[in-house]
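Visitor: I would like to learn how to read a few features of a structure. Could we start with the aromatic rings?

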Amino acid sequence: MSKFSLKAFLISPAILAATFVASGSVVATEQPETKLNFSQFSDLSNPEAKTTLAQATPQVDQLLQQIESYQQEGKSINSIEQVTSVTQLRDVQPTDWAFEALRGLVERYGCIAGYPDGTFRGNRALTRYEFAAGLFSCLTQIERLIAAGAPGTDGVASADLVTLQRLLGEFEAELATLGTRVDNLEARLGVVEENQFSTTTKLAGEVVFGVADAFGGEEVRIRDANGDLGGLVNVGDNNTVLQNRVRLNFVTSFTGRDALYTRLDSSNARAFSNLDQGINTYQTSFTDNDIVLGWLAYYFPIGDRVQVYLPAAFPLWQDFVPTISPLFDDFSGASRAVTSFSESSPIYKIGLPEGGGLGLNFELSDSLMISAGYFGGDTANPNEGSGLFEGEYSALGQLTWSPGDRFQLGLTYVNAHFQGSDIFGLGVGTQSAVRPFGLNTKTQTDSYGAQAYFALSDRIGINAFGGLTKAFNEDAGATGEADIYYYGGGLAFPDFGKEGNLAGLFVGVEPYLDSCSGTDCVPGDDNGFHVNAFYKYQLNENISLTPSFTWLTAPGGRESSSDVYLGTLRTTFTF
């Protein structure tokens, strides 16, 4: 208690009111209304994360938040400049019982702060810690005045000294606690500053453990690499597997409004043999547990209405385009839908090369946005037939209408050219739909899609999509034109059972070859359904457990094939 010397006792009886006055300015920060954001950019690219970059670990984030909390204790977060006259407080009247005490504190000691609207709010309740913090604030101000030799700080009656001594004794424990907390936090902050990961970069990670198996499918007819009908295989010959996927994402900001994403991936999660549908999201980036670059991209704004997406490696359309599936889409992550098909429309999985490109979101108004983008194939290769514009490519345009918080509609067009690559990526579609003209065939596609989302309530959301891809064989001397369809709908229940949980049911048809004309076509597919049900249980802030069941009818695009059932237990760790 050495900070509170006897000099602090030389004050007027108004010190009692000072504690109420100073602590009366403590107020919780009012948070703006949060609206549903359908245009989040990636699995680790929350808009707040792109613009508010903290230190390397959650522990450091929590420490800094705690320091900020203690700094705000006992003073107004939203306070105005120091009040110099009691008349500045428009809700304090001369008839109020504490008016004279307030006036004395304002004019003699200057330890009163008001709110931005010019009010004092003297009837607000306060805690003992707030009272102690206010007392400390006024004592500190009075000590400064005494040390500076301010006039009018002596001649205090002995009764006033007794009152102040009693007050300090009453709150001695709280004042001592505050002093200890500040000292400890100063020491811890010094450690943080010396050992922080980076002043500009945040590290975020996701680790997935997946136990899965495939059942049934004793007679599944699949196609060989050239698209020809192959023999019968038994999907049930697959064994139960324990797989993993690890993602480390470094998010760097240089201006506070931009974000550079550098992601490292490692995975042994491969898809089941003899099965070309029902792939889980974490089974789409198999690296045999080698550490590889998984994503490299830069976001930055132009003005207030244009957001630029500049990927250099492994881009996805959902990195910047609203997929109109806010409750299922986790941007190929592992915290929402389990299967890749139920996550979002296959139109966002057309033409996903390894190279770079450019994407733009332009807000025409508060409810209307245009998205446009171009991804190249082997963009780093300077040889003929490669590079940014001469090799494979895909180009997308979308109009997104969001008239309110509960409804959204998107209309999408994708034009793409392939020189042997699959039309659809991320494990969706039958083999006939992915390669309608066989292996290593030059193919050009035009795709049209519509997606919609509607929130029935805060706890129930519905999304649906439908799409058509028209494919053309561009090999010399070959002919062929194919129609590929896909559609589906989902019902999701956020916070089902408790906050953070998510239950979902999705039913649809993965991309299938409906018809093909010309001399180089493979036979069309039968219409098979994809049904997926999952329930994500949030164990705590960083761990979730998700059982999932998937049912595939007419696997391989053949009604004669036996149905396939897939069971998955996914555990996701985020940090």
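Guide: This is a predicted model. Ring pairs tie Tyr 261, Trp 295, Tyr 299, Tyr 309, Trp 317, Phe 320 and Phe 375 together as a cluster. Two rings are taken as a pair when their centres lie within 6.5 Å, and that rule gives a count of 24 aromatic pairs.

Visitor: How many bridges join strand 14 to strand 15?

Guide: Strand 14 (residues 481-494) and strand 15 (residues 502-517) are antiparallel and are joined by 13 bridges. Within this pairing, Gly 488 is opposite Gly 508 of strand 15. Strand 15 is also joined to strand 16 (residues 530-538), again antiparallel, by seven bridges. There, Leu 505 has Ala 533 of strand 16 as its bridge partner.

Visitor: Is Thr 568 buried or exposed?

Guide: In a regular strand, side chains alternate between the two faces of the sheet. Thr 568 belongs to strand 18 (residues 564-574). Its relative accessible area is 8%, so Thr 568 is buried, the limit being under 20%. Leaving aside residues up to four places away in sequence, Thr 568 touches Val 211, Ala 212, Asn 280, Tyr 282, Val 338, Thr 546, Pro 547 and Ser 548. Of these contacts, Asn 280 is 288 residues from Thr 568 in sequence, with 8.7 Å between their C-alpha atoms.

Visitor: Which residues form a nonpolar patch on the surface?

Guide: The patch consists of Phe 362, Leu 364, Ile 370, Leu 399 and Leu 411, which together have about 410 Å² of accessible area. Leu 399 sits in strand 10 (residues 393-401). Leu 399 counts as partly exposed because its relative accessibility is 36%.

Note on methods. Residues are numbered from 1 along each chain as its sequence is written. This is a predicted model: local features need pLDDT of at least 70, side-chain atom pairs count only at pLDDT 80 or more; totals for chains, interfaces and linings use all residues. Side-chain values use heavy atoms; hydrogens and water are left out. Rings of Phe, Tyr and Trp (its six-membered ring) pair if their centres lie within 6.5 Å; planes under 30 degrees apart count as stacked, over 60 as edge-to-face and the rest as tilted. Two strands pair if DSSP finds at least two bridges between them. Helices (H or I, at least four residues) and strands (E, at least two) are DSSP runs, numbered from the N terminus. Patches are made of residues with over 30% relative accessible area and no salt bridge: like charges are joined within 9 Å, nonpolar side chains (Val, Leu, Ile, Met, Phe, Trp, Tyr) within 5 Å. Accessible areas come from the Shrake-Rupley method with a 1.4 Å probe; for residues, only the protein chains shown count as cover. A salt bridge is a side-chain nitrogen of Lys or Arg within 4 Å of a carboxyl oxygen of Asp or Glu. Buried means under 20% relative accessible area, exposed over 50%, partly exposed in between (1.4 Å probe, protein chains only). Contact means heavy atoms within 4.5 Å.
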